[in-house]
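Visitor: I would like a quick tour of this structure. Please take the questions one at a time.

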Amino acid sequence: MARMADGARSHDEPAGRSWVERDAAVVWHGFTQMAAYADNAPVVVERAEGHYLWDPDGNRYLDAISSLWVTTLGHRVPELDAALRDQIDRGAHTTMLGNGNRATVELAEALARVVPVDDPHFLFAGDGASAVEQALKIAFQYWVNLGVEGRTTYLAFGDAYHGDTIGALSVGDGGFGTDLFDPLRFPVVRAPGFTDPQCFDRAVALVAQHAHELAAVIVEPVVQGAAGMHLADPADVARLAAACRAHDVLLICDEVATGFGRTGTLFATEQCRFRPDLLCLGKGLTAGYLAMSATVASGRVFDAFLGEDLGPRTLYHGHSYSGNALAAAVALRHLELVEAWDVLANVQARSRELRDLLADRITPLPQVGDVRLHGLMGGVELAPPADGLRWGRRVCAAAVARGVLLRPLGDVVVLMPPLTVTSEEVHEIVRVLAEAIVAGTDTP
Ligand SMILES: *Cc1c(COP(=O)(O)O)cnc(C)c1O
């Protein structure tokens, strides 16, 4: 294998500067204070394979956040690499606007067999936020197309996260310092977050009260991920769906984080036993290989957009790289592998194992306030005695120093291993986490 090391320094790069320094000089990292970037134990990856990442110095890290929740089967999966190579020989990308591509058709057909949506139709995009934007616009125009007036707002939950574009940010509940964009966010009807045991009672009441002005309700089914892995009872989510049906309000399930096996079923909505009108998919769709997302619309929604050519019922929305053929080819092979390898059984077994290990080794630690887990979506909430101690940061830095890549959400340490994680690796993650919690919460 050709190593980057010396060759990559060909552009008169002064020798001796580290990769982190070179990175910080030119790359602007998302959700990252660049003035502190280099101090927070960043890993600059040179190569990735299986469940591990290597930096240019040859240090190895277990990827316990699945490269921010996208990697499902690990890195460099031979079958997925082969699917990509095959598609490259047929062309990387052709447009979805008014035209099609065989790879995208095959993917949509395969997805149609498994998504929990009736008579599903797929509008592809690049990122989760774009899939959410599409769902919001589709829900809005649905009522316009039906000639129903006044359905111009949305009901969303407290602590919700739906992405960073302005529409997605509007249905999201701020957090992460995004409140400064409030003047740009459109107002929504807000139910409490999942930490409030009454949140679904309240949401159901709000649906009844505001039905005449609601285009849709948007919810992260079962797990509010970015909020810090807050869990809901699937029966409560089902009650919300029933209220939407009873009051004729569309329901959008944002499964960008929970989709593709993360919670132990292919989609978390399956555990709630209902079929949403719109479903947002992203993150795990291409197994973590390429940027692709999709908004899935039920036949009922889709049919409301049928009409005259160039007429007003058309959805005037579409992204340049929508339905990218390389992404479609790898996503199709991914779906096949999830089934062939019985990945869901591994998620369920490793989840049980992880639950027991956390209860045994992590929950009893005095620095730990709460431990939450559903499938292989986990959060360990640290309980710092004072603000500003940055325990989440320091615990994750201590884990990285011990060869396990973790990234916190505030003081919640996120555990999101690949869905094919082994029993040995689960043990390793918990062993390192326990050490890191002790080391990272030592007085500085
Ligand atoms: C990550 C996430 C998004 C946004 O997806 P991006 O690909 O980062 O734009 C939307 N909704 C949920 C629930 C997510 O976890």
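Guide: First, a term: helices (H or I, at least four residues) and strands (E, at least two) are DSSP runs, numbered from the N terminus. The model is a predicted one.

Visitor: With that term in hand, in which loop is D159 found?

Guide: D159 is not a glycine, yet its phi is positive, near 65°. Its relative accessibility is 33%, so D159 counts as partly exposed. The loop that holds D159 runs between β5 (153-157) and α6 (166-171).

Visitor: Is L310 buried or exposed?

Guide: L310 also has a positive phi, about 65°, although it is not a glycine. L310 sits in the loop between α10 and α11. Exposed means over 50% relative accessible area. L310 has 74%, so the answer is exposed.

Visitor: Which residues does N324 touch, beyond four places away in sequence?

Guide: N324 lies in the loop between α10 (299-303) and α11. Its relative accessible area is 11%, so N324 is buried. Its contacts beyond four places in sequence are A92, H93 and M292.

Visitor: Which residues is T153 in contact with, leaving aside neighbours within four places in sequence?

Guide: T153 belongs to strand β5. At 10% relative accessible area, T153 is buried. With the sequence neighbours set aside, the contacts of T153 are P187, V188, V189, E213, L214, A215 and A216.

Visitor: What distance separates the C-alpha atoms of R245 and D277?

Guide: R245 lies in helix α8 (residues 234-246). Beyond four places in sequence, R245 touches R275, D277 and R300. R245 and D277 are 32 residues apart along the chain, and their C-alpha atoms are separated by 9.8 Å.

Visitor: Now the ligand. How many nonpolar, polar and charged residues does the shell have?

Guide: The residues around the ligand are W69, D127, G128, A129, Y161, H162, G163, E220, D254, V256, A257 and K283. By class, the shell has five nonpolar, three polar and four charged residues.

Visitor: How much of the ligand does the protein bury?

Guide: A backbone N or O atom of A129 lies 2.8 Å from a ligand oxygen. In the side chain of D254, an N or O atom is 2.7 Å from a ligand nitrogen, and the side chain of K283 places an N or O atom 2.7 Å from a ligand oxygen. Alone, the ligand exposes 390 Å², and the share buried by the protein is 84%.

Visitor: Which elements do the buried residues of α12 pack against?

Guide: Helix α12 covers residues 343-362. Its buried residues are V343, V347, R350, S351, E353, L354, L357, L358 and I362. An α-helix has 3.6 residues a turn, so residues three or four places apart point the same way. The packing partners are α11 (325-340), β13 (368-374), β14 (377-382), β17 (412-415) and α14 (423-440).

Visitor: What separates the centres of domain 1 and domain 2?

Guide: The domain assignment gives domain 1 as 19-73 + 342-440 and domain 2 as 78-340. Their contact takes 29 residues from domain 1 and 31 residues from domain 2. Taken over C-alpha atoms, the centres of the two domains are separated by 27 Å.

Terms used
Residues are numbered from 1 along each chain as its sequence is written. This is a predicted model: local features need pLDDT of at least 70, side-chain atom pairs count only at pLDDT 80 or more; totals for chains, interfaces and linings use all residues. Side-chain values use heavy atoms; hydrogens and water are left out. A residue is near a molecule or strand if one of its heavy atoms lies within 4 Å of it. A polar contact is a pair of N or O atoms within 3.5 Å; within protein, one must be able to donate a hydrogen and the other to accept it, and residues adjacent in sequence count only if both atoms are side-chain atoms. Accessible areas come from the Shrake-Rupley method with a 1.4 Å probe; for residues, only the protein chains shown count as cover. Ala, Val, Leu, Ile, Met, Phe, Trp, Tyr, Cys and Pro count as nonpolar, Asp, Glu, Lys and Arg as charged, and the others, Gly among them, as polar. Buried means under 20% relative accessible area, exposed over 50%, partly exposed in between (1.4 Å probe, protein chains only). Contact means heavy atoms within 4.5 Å. Domain bounds come from an automatic or database domain assignment.
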